[in-house]
Amino acid sequence: MDLLTATDVVKDFQAHRALDKVSVSVPEGSIFGLLGPNGAGKTTLIRIINQITAPDTGTVTLKGRPLSREDIYRIGYLPEERGLYKKMKVGEHAIYLARLKGISSNDARKKLKYWFEKFEIGDWWNKKIEELSKGMQQKIQFITTVIHEPELLIFDEPFSGFDPINVNLLKKEILKLRDDGATIIFSTHNMSSVEELCDHITLINDSRTILEGEVNQIRNKFSSDIISVGFEGDPSALEKGLDRKFEILTIKENGIGKEARIKLASDAKQNELITALAGLTDIKSYNEVLPSMNDIFIQVVESASPKNKKAS
Amino acid sequence: MSKISLIVQREYLTRVRKKSFIIMSVLGPILFAALMVLPAVLANLEDKEVKTVAVIDESMILTSYSGGKAETTIPETEYLKFVALQDVELESLKENFSSTGYYAVLFIPSNIINSERALLYSDKQPSLDVSNHIRNALEGEIENLKLVANDIENLDEILREIETSIRVSSIKWTKDGESMESNTGVVMGIGYGAGLMIYMFIFIYGAMVMRGVIEEKTSRIVEVIVSSVKPFQLMMGKIIGVGLVALTQFLVWIVLTGILVAGSSVVFGDTLQQQVPTEQVAGSELFAEQDAVPLQANQPGEGDQILSDIFTTFESVHFGKLAAAFVFYFLFGFLMYASLFAMVGSAVDNETEVQQFMLPITIPLILGIVLMPNVMNNPEGPLAFWFSIIPLTSPVIMMVRMPFEVPAWEMALSAGLLVLTIFGAVWLAGKIYRTGILMYGKKVTYKELWKWLRYNN
C-alpha cells in the first residue's frame, strides 16, 4: 500500500518549469529513493510534499487523503540546506527543535539522552553549536529529525558532510528506522548509497519522471546478460570449447585467479553455460553482472536529455 | 504550548541572556543618571579650590573700613575670597605674582564711574564665573551710587519694593473648566524625550529583528524550522520576541535609573540642591517620577520650585494618558517597522546587501527626528498634524505632540491608521518573507520583490 502519493505535480518558477507532471508513489514501510541530477526538481518536489511551497497543479495525498497541516508537522524532514543556531547550546537547541515538533520538554530530554548515548555524543550537551565541526552538527540535525518518531521521514542528501564511518553509522540507523516501520523518502545523487538502501526509486530529470520502480527489477531490466566466471585452468580451453551462444568478452588474470566475462545470446540459458563450463574448466565463482545504479543513472539521464540526443 | 509562543520564548531568552543585553541594561541607566548628576558633581569638584582675589581699589567705592583696616565690600562665596590691599603698587605685584598665591588682582581705577571699566590681572585666563561675579558686584554698587546721587527720598524702601523676579507660568484651560499650571519647557522635554525614545528603540530593535532573520537565512536553520512551523509564525514569533526584549530593556532602564538617581541624590543631595539646572531635570522627564520623590525630600528653595513645576505639569498633561499613548506608539510603531525590517532581512543574503532596501525604511524614521523641533514650536500646525497622522512618522511625531493636548479625533485617526498600516505591513512582509527566506545566492531587486508578492504559495 502506498503511504504517500503525488499526482501530476506541476510547479513553475518565473521562466522555468521546475516540475512537469511528476507523479510518485511511496510504498509504506519502504525506503524510497528520489533520484536525479542537480537541478532536476527533487528539492522542489520535497518542498511541495512538506507544503513549504504549493504546487501550481497536482495533488499530494497521505494514506489516500490530502495532507493536513498536522500531517506535515509529523513528517521528519532533513533538508539539504540545513543549519543550526550557532550561539545556542547543543542540548537546548535539540530540545527547542523537538518541542517545535510537538514533543513535551520532558519527553524530548529523555529521547535525546537515548540518541546522544547511541551516537556517543553525550558530553556535547552543554557545548555551543559553533564549537562543533560540520559533521558533528549534522549528527545533531539527524537526531532532531527523527526525535519525534515520525512515520514518514524525508532525507535530502543526508550523507553530505559526513566521513565514511559516520555514513555507515547513519545508514545503519536509516535501515533500522525502516525496519521499525517508518517510511523513508531519500533524495540523493549518490548512487552507491541507493543500491544499499533503497527499495524503490523514482528518477527525475529535467523536471520529468524518467524511470521508476523497484531497485531490483530496474537492475534486472537493465541487465545486459553478462556473466562473470572465476576459474582455474587454461583460458584457451574456454575459447575453443564454448558454443557460439556464449561470446567471451574478456579474460583477465590477476593475483587471485582468472576471470572471464561472457555474454549470453538471447536464446541461451544460464544452465547450459554452467554445464558447458563444468566440462572445460574448474569453476571458482559464477555471477551475473548487474549494472550498477550509477551506470543506469548515467545511461538513462544521458539518453533522456535532448542535448545528448542531438549529439548522438 | 503553541508553536508561536515557543518561538517567542526562544527569541526572548537567547537575547535577554546575552552579555551585551545585560551590559546595555546596566550601562544605559548609568549613562542616563550620569547625564543628570554628573554636571552637578563636576561643577562641585571644580569649585572646591578656594580662589583669592586681591583688590586694589583706587576709587574706594568697594572698600569699607572697620577698625582702621580696609575691607572690600564685594560679596564672597565659599570658594571665592577677596582681600583688599592698601598702598601696594600694581607693578610690584606683577613682578612676584606667582609667589603671592593670589588667583587674580582686581584693579578698580579711581574714575570707574565714568570709565565703566575695571581690570582683572592674572597669569592665567580667569574663569567666567569669577569675572561675572566681580562684574555683578561692581555693577550693583555703581548703580546704587548713581541712584543715591539723585537724592531720592526713602530710596532703600523703594528699592526693596521694586525688586522683582518674574517666572512665567502658563495656565491651560481644560474641558472640565479646571485650570492647571504647566511649564512649556517641561512639556517640550516630555514630548522630545518620548519621541526620541521611540525612535531609538525602533531603530535598535528593528535592526535586531533584521539581523535575526539574516542569521537564520545564512545559517540555513530556516528550512529546518519551516518544516515545523509556518514561515509567518516564525516571523511573528521573532518580532514579538524581540519586541518583548525591547520592552524589558526599557523597563529595566526606568527602574535602574530611578534607583540610581535616588541613590545619587542621597549621596550628592547638597550638590543637586544647588546645581541641578532646569533643563537638566526637564530633559529627564521620563524618569522624573522616580527621581522627583527622593529629590523633593531634601530639596528646599529653588529646586523645590522646579520639581513642583514638573509635578504640576505632569498632572496637567495627564500622565496616565501620556504613558498609555507611549506604550501604544512604542509597541505598534515597533511592530510596523519590525515587520518591514524582517522583510528586508528575508530578501538579502547578508548584511552588506541591506543598504538598498533600508533607505525607504530609515527615511521616514529620520524625518520624524528632523521634524521634532518644528513640531514642538507649533504643535497645532499643519506639519505637526499631517506627520502625526501619517503612520510611518506618527509614532515619533504624535509623542512630541501628546503633552500639548491633541484633539481626541486626531488621536483616534492616527492610532487607527497606524493599526491598519500594521496589518498591511505584516501582510506584505509575510508574503516577501516566506519566499525570501528560501531564496539563496540571488541578487534581489525591487522588481524581483514585486514578483514574490504575486507568488501563490
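## Packing of α16 and α18 in chain B

In this predicted model, helix α16 (residues 355-377) of chain B and helix α18 (residues 394-401) of chain B have axes that come within 10 Å and cross at roughly 20°. Angles under 35 degrees count as roughly parallel, so α16(B) is roughly parallel to α18(B). The crossing of α16(B) past α18(B) is right-handed.

On the α16(B) side, the residues that meet α18(B) are Gly368(B), Ile369(B), Leu371(B), Met372(B), Val375(B) and Met376(B). Their counterparts in α18(B) are Val396(B), Ile397(B), Val400(B) and Arg401(B). By class, this contact of α16(B) with α18(B) consists of eight nonpolar residues, one polar and one charged.

## Chain B as a whole

Chain B has 457 residues, of which 37% count as buried. Its secondary structure comprises 20 helices and eight strands.

Among the contacts in chain B with a separation of 6 or more, 76% come from residues 24 or more positions apart.

## Contact with chain A

Chain B places 18 residues in contact with 22 residues of chain A. Two elements of chain B, α1 (3-16) and α9 (221-226), each give two or more residues to the side that touches chain A. The most comes from α9(B), which gives five residues.

Terms used:
Residues are numbered from 1 along each chain as its sequence is written. Chains are lettered from A and ligands numbered from 1 in the order in which they are written. This is a predicted model: local features need pLDDT of at least 70, side-chain atom pairs count only at pLDDT 80 or more; totals for chains, interfaces and linings use all residues. Helices (H or I, at least four residues) and strands (E, at least two) are DSSP runs, numbered from the N terminus. A residue is buried if 20 or more other C-beta atoms lie within 10 Å of its own, exposed if 12 or fewer, and partly exposed in between; C-beta atoms are placed from the backbone. Two residues are in contact if their C-beta atoms, placed from the backbone, lie within 7 Å. Axes are lines fitted to C-alpha atoms, for helices over the stretch in contact, and angles run from 0 to 180 degrees between N-to-C directions. Angles under 35 degrees count as roughly parallel, over 145 as roughly antiparallel, 65 to 115 as roughly perpendicular and the rest as oblique. A crossing is left-handed if the near helix is turned anticlockwise from the far one by less than a right angle, and right-handed if clockwise. Ala, Val, Leu, Ile, Met, Phe, Trp, Tyr, Cys and Pro count as nonpolar, Asp, Glu, Lys and Arg as charged, and the others, Gly among them, as polar.
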